[in-house]
Each structure stands twice: as C-alpha cells, then as structure tokens.
Amino acid sequence: MSSSRYIIGVDVGGTFTDVFFLDEANQRIAIAKVPSTRGDQSIGFIAGLKQGAPDFKTIATVVHGTTVGTNALLERKVAKTGVITTIGFRDVLEMRRRDRPQTWGLNGSFTPVVPRDLRLEVDERVLADGSVHTPVDVAQVKAAAQQLLDAGCEAACVFFINSYANDVNENAAVAAVRSLWPNAHVTASAELLPEIREFERASTASLNAALQPVVGGYLDKLDKSLRAGGFAGQLLIVQSNGGVMSVETANKLPVRTALSGPAAGVIACAHLAREAGFPNVITGDMGGTSFDVSLIANGESALAAQTAIDFGMVVRTPMIEITTIGAGGGSIAGVDASGLLQVGPQSAGSDPGPVCYGLREIGANEDELGPTVTDANVALGRINADRPIGGKLKRLDVEAAKVSILKHVGVPLKLDVMAAAEAMLRVANAKMAGAVRLVSIERGHDPKKFAYMPFGGGGALHVCAMMREVGVTTGVVPRYPGVTSALGCVIADMRHDGVRTLNTALDDLDIAAVAALIEQRGKAGRAALATAEVAFERIEESIEFDMLYAGQTHTIAVPVAADALSRAGLRAAFERVYQKAFGRLLPGIAIRVLNLRTAVTGKRRKFDLGLLSPQDGKAAKDCRIGERKVWHQGREHSAPVYERLSLAVGESVAGPALFEQSDTTIWLEPGMTARVDSYGNLVISV
Amino acid sequence: MIDAVTLAVLNGRLEQIADEMDATLYRSAFNPIIAEAHDASHGLYDALSGETLVQGKSGLPIFVGAMAFAVKAVIDRSPNGFKDGDVFIFNDPYEGGTHLNDFKLVRPFFRNGKLFCHLASVGHWHDVGGNVPGNYNPVATECWQEAMLIPPVKLYDGGEYRPDILAILQANSRLPNSVLGDLNGQVAALELGMRRLNDLLDEYGDATVLEALAELRKRAVKLMRANIATLPDGNYSFEDYLDNDGIVDEPLLIAVDIEKKGETMRLDFSRTSPACAGPVNIARSTAVASIYVALKHIFPAVPANSGVLEPIEIIIPESSLISVGKPKPVGGYTETILRIIDVMFGALAQAAPERVNGMAYGTINALSLAGYRTDEKRKGQRWVMFSFFGGGHGGHPQGDGLNHGNAPISTATIPPLEILEAAYPVRFTQWALRPDSGGAGKHRGGLGAVYEIELLEQSADAFIFGERGKFPPQGVLGGGEAALNVFSYENGGEWKQPPAVSKMVGIKLKQGERVRLETPGGGGYGPASQRDPAAQANDLRLGYLTK
C-alpha cells in the first residue's frame, strides 16, 4: 500500500459531525460519525478527522460544510455590528418587507441583528436611474464610523439606497470606513450584492458583516488546529450554492455559508443519482426536527435566489433550493381537542429527544412531550434497540416508548400500542409525501416520474412508505445515507456567483457594456479560482439573465450562451424559456432585463463512484445477521436483518427485510425488492 | 365508521389538494397581487349547501370564510342542476363576498355521473374597469363606479369553452393581458384539483372520503365548541368607529355584543350603523368571513371548515352597513372588516386575556399617484403607482407588538422602494419607523411607519383611501391607544391634510412636492404601569419612544 493521501469531507450538524474519507493514493474510502461539540465545533471536527486520518500530514484537502454561521444567526450570537446608511432609511432593516411570522395568531416579534441605535444615517442620495442626487459627505461617514467604534462595534455595514444602480457614494463611504476601521470586518452592500431590492440587500449585507468575526474566528481556529497536527493542504468551505470556496473568500463572504451542509447533501445526491442512471430524483433528508426536500431535474438541482434563516433574516445569495417542513424523527405526536391525531411540527429535538433515549426527566417533561416518530419506529421493531446510531447511547428503551405511545395516542384513539405507532407513522409519512408533491407542483413537475432518494439518519426507514404515498416506482438508498453531506463536500465543485441589476428594456440593452461586465466577472472569478490553489479538470462560465415582460414582477431565469449575446439572442432565449414555463408568449408586450447573473465554476475531478461499491461483497444469505419481528400494516412480520454494507453488487432481497449499517437502518416492506447496484446503492422497486 | 388514522391522513391529503391548487395559480398568475401577494384561495365545497369542506393553508385569510357564499350563490342560481364540465365565473360581491376585484370560479365536481362537491378558485384581478385604475375608488356611491359587475355565468358549458365570456371580461379591463393570464391560471388550478381529487377518491373510495368530510366537519364543530367552552360565560361588548365613508364626514359605529354561554356564542352586530353612501359598506358574507378571521387569529388551530361557525350565532340586521346589497359601493371593504376584527378582539379580550392582543394599525392606506410622462422618450405615457402601506401590530401576551407588519386579513408584503423608484417618477425621502406611534402598555404596541414620497415628474394626481384618522387603534386590558393615521400633502409650499382626514381624491402635486403617510402603531396590552422599567429604558435608547 502506498502512503495515503486524503481528501476529506466534514459536515458538522447539530447532533453529529460526519466525516467522509477518500484516500486517493490507495483508492479507498471510509466514514466516521462523532458527536458534534457545541460551543467549539472544531473539537468534534478534529476528533472526527483523527478517526480516519490520524496523521494530518497525509491530508491533501479538507472540505467543510458548516452551520457555525447559521447557528450564530439563529441564536443572535453575532458580533456587535453597526450600519451606516442613507438619511431617512435606517429602519429598512427592521421594517422588512412588512410581513409577520405566522399567518394566524398576531403574537409575533422581531429583533433585528443590528439594533436601531447602531444604525446611523448620513447625507447622500442616488436616484434609481443612477444619477447622484446628493453627494456623500465623507466627513459625516467618518464621524459615524467613529461613533460605532466608540459604541464597541466590531463589524460595520455600509448600505445606501439605489447603490445597485450606482455605487459611487457607497464606495466612497466604505473606503472612508475602512480607512479607520481596525479590522477587515466591513461589508459594503453593493460589493456583496449589486441587486435591486433594498431590504434584501441591507439584510444580506448586515448579516454578512455580523458574521465576519464569528465565522472568521472559527475558521481561523480550525485552520490552526489542523496545521498544528501537521496539515499542509487546502481547507475549503461549502457554500449555499453547492460550490466550495476558499477560507479567504469565506472570511469575506460568510453569509454564503447559510445552507452549507444541506447544500452539500443535495449535491451528493444529484451526482450519485445521475451516475446510477436516475437524472430525475427527489431527495428527502429526514433529520431530528425537520424534513428537507429538494428536486433534481436532468441531473441539476435548482437554485433559489434567497432564503430566510429565521423570520426577517433574509439572505439573498444563490442557494440550492431546499424546502423544509417540521417532520423529523423527533416530531411529537398527540391527539387534539377534536380527537384528531397530529404529528409535529413540535419536536423533542435530540435533547431530551424521543422517549426511547431515556433522557427525559420522569414526570416532568415526559408527560408534556408525547412520543415521537422515532419512538414509533422503535416500538414497531424497525430500529434495532441494541444498536443506536452515532454511539452516544448504549441502548434504546423500547418499553418506555410503548408506554408513552399507548398513553398519548393509543388510549385517546382507542387503539392498541402497535396500531397507535403505525398511525403515527402514517400521519408523518403522509405529511412528508405532501411536501414532496408540493415541491414538484411548484416547479411544474409530476413527482411520479422521479426516483426518490432518502438521506440523513432517519430517511431510509421511511423510503418504501414514501414511495407508496407519492406513487414513485424507484427508491435509491445511497451507500452511506447518514454521511451524504460529507460525501457531497468531497464531490462539490468550486463556484463563484455574481449578480448585477440592469433593469432596462431589452431593446435598450447596451450589449457591449454587458459583454464587458461579463468579461470582468469572468476574470475576477477565474482569479478567485486560481488563488485557491485547487486542481481543476476544467473551468466553466455561465451567463444567465433574469427577464420578464414589462408589467410583471416575477422574473424567469434565462441562460444564454456566450456566443448568443445579442438582443435577438436574448429575445429568442427568453421566449424559449417562457413558452416552456407558461405554455404561451405575450406578443406585443415589451421584454425587460432585470439582472445579469454570472457563475464561474472550477470543476474538480470526481472520484470514481465505483469506490463506493462493496469490496469483497457477499451473497445475501451470508449477510444475514439475525431476524426481528416487525409490525407492519396490522400484523407481525418476521424480517431477516442484513448487514447492508456486506452485500455484494447485484444481490437482491425481497421484503420484508431490514438492512442495518452504522449510520442508518433501511426498512424494506413486504412486496418490494431491493438490489445492490454497482455503486453500492440499494435500488428499491415495487 | 371511518378509523381515526385514515381520518387523520385524509385530513392532510384533502387540505393538500387545496394547497396544490394555490401553488398552481401563484406560479402562473400574471398579476403581482396574486403571484407575489398571494391574494387568492382555493378549496372544496359541499355539493348541496356550498359550505366549506376544506380550504388551503396558503390562501389569503379573508377568503377562508367568504368562498362558501360564492359557491352557494352559484348553487342558488342553478335550480336545474349542473352538467359535468360546467365552470362558473363571477365577481358579484353581494353574493360572493369581498369586492369586485375578486373573481370567483366555481366548478361542480362529478363522480360517476353524480355531483360530488364543488371546487372553487378566487383571485384578485389587477383592473376590472370602473372609474379608478385598480378599483379603489374612495368616492364611489354605486358599485358600477367601482368596476364591472358580473353575475355567475358559465365560462365552460358542459366542458365547452365560451370565448365570448373572456371577450367581455377583457373588453372591460384596462389590463386585458392580465385578465387572460389570471383566468388561465385559475382554470388550471381547478383542473389540477379535479385530477387530484379523482386520484384520492380512486385510492380511498368515494364512501370513505365522504365519511371523512362529514367527520371532519363534526370534529371542527367539536373543536370550536371546546375552544368556546374555555372562555368564561358572560356578556362582552365592544365598539369602535370608522372615520367616515368618504362621502359624508361622519363617524360610523361598528359594535358587537357577545353573549357567551357554555359551548356557544351569539354575536350581535345590531348596534352597528346603517348602510352608508360611500364605499365602506360590506355584504353580509364579507362580515361573516371577517368574523372567521378574528376567531382564527384567537384560536389558530381551528380548521378551514364550515363546522367552525356552527356553534356561533351571528345577528346582523339587513339595514346594516355590514349587510348591504346591490348597488351599494363596497370597494373599501378592507377598512370595515379590519374594524370588525378589532371589535371582536376588544370584546373577547375581556373573556380571554391570554389569547388576545392590542389592535393592529387597522387600515390599509391605499395610495395612488398617477400622471403622464413628459420626458422625450416616454412623452404622454400614463403611469399609476398604487400601493398599500403597513403599520404596527398590537402588544400581545408574550411581548411587544411587531413593528411594521401587514394587515391581519392579508399576508401580502410591500414592494421594495427601489422597485417603486425604478418604475415610477418618485423619490422616497423617508421610509422609517414612526416613534411614539405604538400604544403604551405592559407590552407596548408595535410601531407604525412614516413614508414620505417626492414627485419627480412635472405633475401628478394623488388619491388616498385610509382609516384610523380620527379613532386610533385601541389597547386591551388597560393598554393605551396607538397614534392616529396622518396623511399630509404639500401644496404651494405648505403641508396640508385632507378635510375628511383619511380619504381624498383629486390631490394635485407638482414637481418636488411630497405626500407623507404616518401610519398608526398597534394598541398596548395591559396597563403601562406594569411595564418593565428596563424595557422602557430600552425603548428610549432605541428611539422607539422620544419621551
């Protein structure tokens, strides 16, 4: 065996830190799952790395999906930050888009990340056409910056109205702030997001500023810990758009890590499914509190323009489109005042967690919190009580789960414990299937034409039920569903997105100016790729315009080839996309161009997914490690239990059966069959 | 009898059909009021009574109660029954609720040759004729000055499309393309609903689904009864006023007397003012819908199902301002239903202090600025900027009210000012929270806003349709009242205010002149004497309060 050379993906989640090791020199892979360390995530991170690569000198690249930024925002544990803005507009950040947290019930509230007294106004104004109405008063800006420093601010954001149309005032102001600011934590709104929509730009920019010290500090610490262990390679961070960036970029643009981990998971699924012959796939990531759905059509996952981390905390940056509903292993079941069974959205999370974890205080929260979806799976025999995932618990308390199910669901509905547990799963599955259908409709697809790929620790238990509920004929369970995001880290390309608002009629579009802008963006993107010192197979550049008919407010994304960059070319491309989306054109109405979007992608070499296929696989009968009684559709079934990872390529098993592995359990229902494909996926069919 | 589990599953599956219909329309609608503000709704309604069986979660709150009336209107006008493939369309607000912009489509759903239920779709169309673009005419005295009035007619007759109906609708709109786009979206939503409901019936069987629908209605009744039972028995009254009707400058009383006994409630609106000349009248169906909205804010878990209203008796005299018929103008219905919700909150605060909040800002402030372009390139082009504005929410049991929220009847967001400035010849000179506008209280009301807009073109006409200019949003349980709504405009170097405070047409603006909206905050919750001194100091530090 030659000396190892690792590329490692690390996804730090709320409960577990997942690690995927690819030894390029020896063409081997390994995984590890360790508890996440709250407070300082780098401790769990380093512990996870050591499990597979004790000598950090052997590590060439570490790619990291992180929730440090997201958690800091959710807990409002960010740096003290100030905003300098146009006179008359300091409250834009707090006024949002005039929304409320819930449709029903008027008891919401909102705490902005930057409080009102740290949002200072200066004289300046640019109009929507880009003309300067009032030049900026730099002396006022400096005084404001000093006032923020005196108030103890560690980071600053400069946000001027209409700076997307002309950033001359904002640039002058930010230069003045940077000239006296003691660190690099200064964000300018148009530098980050030169796009029309003041609240979204102000929110994204101020959240970015507030995260700079937090994410920067974390990555710095992590980098030091790695280097101290002898690491001499590259540390890369996954962005919400599913591409990776360098630590240097992440320090400047930490807001781009908003959906880092989940995005990596979807990237992995898209790649795995495409290679396995399923370019159209819907992924479902079932965690402790939520179920995340994403749709991949023709091998590509869609990008959403923005997301809200929490009510009123909008981050506008391209991100993998993921829809979340409150249904997970920790979702709590109960019967409401009308006698109707409800599951979720309340969740027991991982602490105190499901009843079977045995972490609830007897009498106190055991009584208020009902049983969870995981408890139902345990009671029905689908989860091995003696082999809990993640290694934090010794064994699961089946009896306690049953007692709670009977009390909270069985007795009120006059069902026995098994029927009550099955009822909980039916309601939960129906809810998750509903989310899958809705996401498909919103994107104009029929979900029945897609394959379904579960990932996350809990998803594979429900794969057959989801297939039945949605009407999907193929399910694909990846080889390591519990560490999919970590695998995605290893696969992800390096990508830099840019946007610029043009907001003009197509007939007035200055093509030469746009071409120059694209060239400049391309250059900047290629330069950013070059500084990261990563080897790429090739570099791809893409151009997209947000276009619409005059009078509409919803834009559609229109990809345009570089050689079709003309007004006629844009018109043809727009009409093609519009016709496809809405079935008709609106002749006679002027076409407008709102934004230019550019992306420069450095394609990293993909590792051979054949490495995921089982080595020294065995016949199914030799992988049987036992048998369990599983309750399913009203009766008990004897289900053989298989060691999933030992199954050879081509082996086929008919349900009922259970497949166990360290990061998940797969429940194969009667009437379905599962077959191991050449990438180690378990392909389930009806 | 249907088992509890199938019932729970079908509950979600049925609701999802409505949600998917919503999503279909949002995705394909042309007009931003539907596409962005989601001013639309879909559902399933009883074959014979038109009562709401199921409605989606994503539709506009106020439609949840109103749609049953629309379906009922179609049933009443079809004594000879329906043909499979019929689709009705109309906007008559006296029968179908709300206002003339809301076009309702009703499709009888047949199963094995028999009427099973109705599917319906409603959406707010951008422009439907009348005197004012966008149809918010503050000085209308008849419905025809607001918009065209279409009774239930067949858009499809036994599956056969009638293009003449579309031609009539398009000919009566300033935005015929928008009419076409929205109508197509609504038809597509109904088609999707048909497919989904057929799939569901194939999967579970017609009898099971019918049983589930009946059972879900029973459960809704039971749930509402259980909720009402948690309130102490007694009589609770509350009154509030509208500034005026835009024609006659006299306050209009909205009053409710609630008698709560056991598991039932009687809501008596008899003391409410009689019908008025201007457009703040509403139809009875709209009043009932707004009562439903108030109850659902107080008891968020109750479903969108007619059973919710069964334990509630509603008394509204026919002569009332909240029970008018044709041709009384109803364009400003939003203002009146906001006041009905306010008095419901005010009355029930006495019974359920832990569930109710101070009143929200209580007016949508519809502002229109319009004129013609004078620059070389666009000379003579007409422009109309039409928008609604936000205000504060009331203090509530958990804390201070939300600053700058949307109206309780809606979930619409406000357009970005940069989008408005890019589209129209205006410059915002202020877009800010309005200090001291929230009612004092143990939990302070949220702040309203100040929006100040300067005209960049040579001249423009402005009109405003608002409320709360004379009677501020009130607090509950001893909480203080919020600031009044103030509208001002510049004229010849002077700031002026409308004679009828919150409503005015024909304001002439010249280049450089401004209009200013100062919107109310929310009412306070509980007495100000109980406010945490630290919270008070924080308000002063942040400038939410100036004194």
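## A cis proline in chain A

Pro656(A) sits in a loop of chain A, between strand β29 (652–654) and strand β30 (657–661), where strands (E, at least two residues) and helices (H or I, at least four) are DSSP runs numbered from the N terminus. The peptide bond that leads from Gly655(A) into Pro656(A) is cis, and its omega is near 5°.

The structure is a predicted model, in which local features need pLDDT of at least 70 and side-chain atom pairs count only at pLDDT 80 or more, while totals for chains, interfaces and linings use all residues. Residues are numbered from 1 along each chain as its sequence is written, and chains are lettered from A and ligands numbered from 1 in the order in which they are written.

## Backbone features in other loops

Chain B also has a cis peptide bond, from Lys326(B) to Pro327(B), with omega near 0°; Pro327(B) belongs to the loop between β11 (312–315) and α9 (333–349) of chain B. Most peptide bonds are trans, and most residues other than glycine have a negative phi.

Arg96(A) is buried, with 28 other C-beta atoms within 10 Å; a residue counts as buried if 20 or more other C-beta atoms lie within 10 Å of its own, as exposed if 12 or fewer do, and as partly exposed in between, with C-beta atoms placed from the backbone. In chain B, Thr98(B) has a phi near 55°, again a positive value in a residue other than glycine, and Thr98(B) lies in the loop between α4 (93–96) and β4 (102–111). Thr98(B) is buried too, with 30 other C-beta atoms within 10 Å.

## Helix α16 of chain A

Helix α16 of chain A (residues 511–531) has 21 residues and reaches 30 Å from its first C-alpha to its last, which is close to the expected 30 Å, a span found as 1.5 Å times one less than the number of residues. Arg521(A), Gly525(A) and Leu529(A) are buried in this helix. These residues are on the same side of α16(A), because they cover an arc of only 75° around the axis, the arc being that of the directions from the helix axis to the C-beta atoms.

On the other side of α16(A) there are exposed residues, among them Ala512(A), Lys523(A) and Thr531(A). The cover over the buried residues of α16(A) includes β23 (494–505), β24 (538–549) and β26 (591–603) of chain A. Just after the helix, Glu533(A) takes a positive phi of about 55°.

## Domains of the two chains

Chain A is divided into domain 1 (79–199), domain 2 (493–603) and domain 3 (611–685), with bounds that come from an automatic or database domain assignment. The C-alpha centres of domain 2 and domain 3 of chain A are separated by 46 Å.

Chain B is divided into domain 1 (4–221) and domain 2 (357–547), and their C-alpha centres lie 33 Å apart. Eleven residues of domain 1 of chain B are in contact with 13 residues of domain 2 of chain B, where contact requires that the C-beta atoms of two residues, placed from the backbone, lie within 7 Å.

## Where the chains meet

The contact between the chains takes 65 residues from chain B and 55 residues from chain A. On the side of chain B that touches chain A, α1(B) gives the most, with 15 residues.
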